[in-house]
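Have the sequence and the 3D view open side by side while you read. The paragraphs below go from strand to strand and then to a helix.

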Amino acid sequence: MLTPPAIRAFLLISPLLFSFHLQAQESAAPVSSQVSSNAAQSPEVKKLLQKMANIPHTLNYQGSFTYQHKDNPTLQSFRIIHWVEDGVEHERLQHLNGPEREFLRTGKAIGCESLGDQLLQGKISQLGANLARMDQLYKFEIRGPERVAGREATALLAFPLDNFRHSSLLTIDNETGLVLKSWLVDESARPLERYQFIDLDLSPDIASLQRQPAAKLQRSAVSHITECNPSELKQPEHWNVAWVPAGFAFVGQRKVRDKIDMLMYTDGLTSFSVFIEQEAGAIPEGVAQRGATLVVMDLLRYQDKNYRITVVGEIPVVSAQKIAQNIGGI
């Protein structure tokens, strides 16, 4: 599914994190927590979220979109190609400006529902836990019809009910559930980043597109981290993340370069990853941001060893810092 978090992972994460952080976007569910209750989702909102979670996985399509973030006013252009082959999703993301670059991804099998899919479709009760609903985390408001890339769509505002995540304005294709336009804004309503499709073809010649040679500079990823159709929530191995914002759940863990533990969390609309690496030398601490993607680095002292903690995600700095400061070993 092409979602705003997926596009951010494609465009902004550094080469080390680039091919792994993307996979955190595909699986999400909220953890048990005390969250302020909000009115139940309207049928219109529920229908839109279900489309976002379900239909895009099954489509063959190609399209071009523009992207811009607050730290670089230059308008960038990309092409996305998505197809299903032998029941498995595949994607190619091509840079249309500057050096020829491409990202290739093999996704999950059709019928494999992640926690995020279940969340957006309102199926979280089957996990058998007292979970916060999406309408307890965000206030959803339909802003009316909109036309993007020549297609009829609906604008949906997702406004967080706490200070630990950003607001999103999503324009969702009425037929397919694809997010055709997205604005991510901070707590002061300042745009952090935005993207928008300028054309979309739902009947591409996939065989011809597959024969196109890959770019000289390319990266690949296989999305096999998160579990298909999970029936329960899990916790990280070896590490205790004692605090995450309400609604975020652990959705996967893996080793990066055989020595860095990567833990992935998401609430369905946004996500973050925690990287834990043992270091012998000095460990820098601080905050960096590019567009909506924040990086916070901190030091963890555990069993007489120093560890570098790096939190990367589309979350406010107050969230990332608190996460980094509440990590320990098991």
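**A sheet and the helix across it**

Aspartate 298 stands opposite isoleucine 309 in strand E17. Helices (H or I, at least four residues) and strands (E, at least two) are DSSP runs, numbered from the N terminus. This is a predicted model, in which local features need pLDDT of at least 70 and side-chain atom pairs count only at pLDDT 80 or more, while totals for chains, interfaces and linings use all residues. Residues are numbered from 1 along each chain as its sequence is written, and side-chain values use heavy atoms, with hydrogens and water left out.

E17 belongs to an open sheet of six strands, and the order is E12-E13-E14-E17-E16-E15, with antiparallel pairing. Two strands count as paired if DSSP finds at least two bridges between them. Strands of a sheet pair through backbone hydrogen bonds, either parallel or antiparallel. At the edges are strand E12 (249-256) and strand E15 (286-290), each of which pairs on one side only. On average, neighbouring strands of this sheet are turned by 20° against each other, direction ignored; axes here are lines fitted to C-alpha atoms, for helices over the stretch in contact, and angles run from 0 to 180 degrees between N-to-C directions.

Seven bridges link E12 to strand E13 (residues 260-266) in the antiparallel sense. Valine 256 has isoleucine 260 in E13 as its bridge partner. Arginine 257 sits in the loop between E12 and E13. Its phi is positive, about 55°, although arginine 257 is not a glycine. Most residues other than glycine have a negative phi, and most peptide bonds are trans. Arginine 257 counts as exposed, at 52% relative accessibility; buried means under 20% relative accessible area, exposed over 50%, and partly exposed in between (1.4 Å probe, protein chains only).

E15 and E16 run antiparallel and are joined by five bridges; in E16, leucine 294 is the bridge partner of glutamine 289. The two strands form a hairpin with two residues between them, and glycine 291 in the turn has a positive phi of about 65°.

E16 pairs with E17 as well, in the antiparallel sense over nine bridges. These strands also make a hairpin with two residues between them, where glutamine 303 in the turn has a positive phi of about 50°. Aspartate 304 is in the loop between E16 and E17, and it has a positive phi of about 60° although it is not a glycine. Aspartate 304 is exposed, with a relative accessible area of 68%.

Valine 312 and valine 295 are 17 residues apart along the chain, and their C-alpha atoms are separated by 4.6 Å.

Helix H7 (residues 317-324) lies across strand E14 (271-279), E15, strand E16 (293-302) and strand E17 (305-313), and runs at about 20° to E16. Which residues of H7 are buried? They are Ser319, Ala320, Ile323 and Ala324. They are on the same side of H7 because they cover an arc of only 125° around the axis, the arc being that of the directions from the helix axis to the C-beta atoms. The buried residues of H7 pack against strand E11 (239-241), E14, E16, E17 and strand E18 (327-329), where contact means heavy atoms within 4.5 Å.
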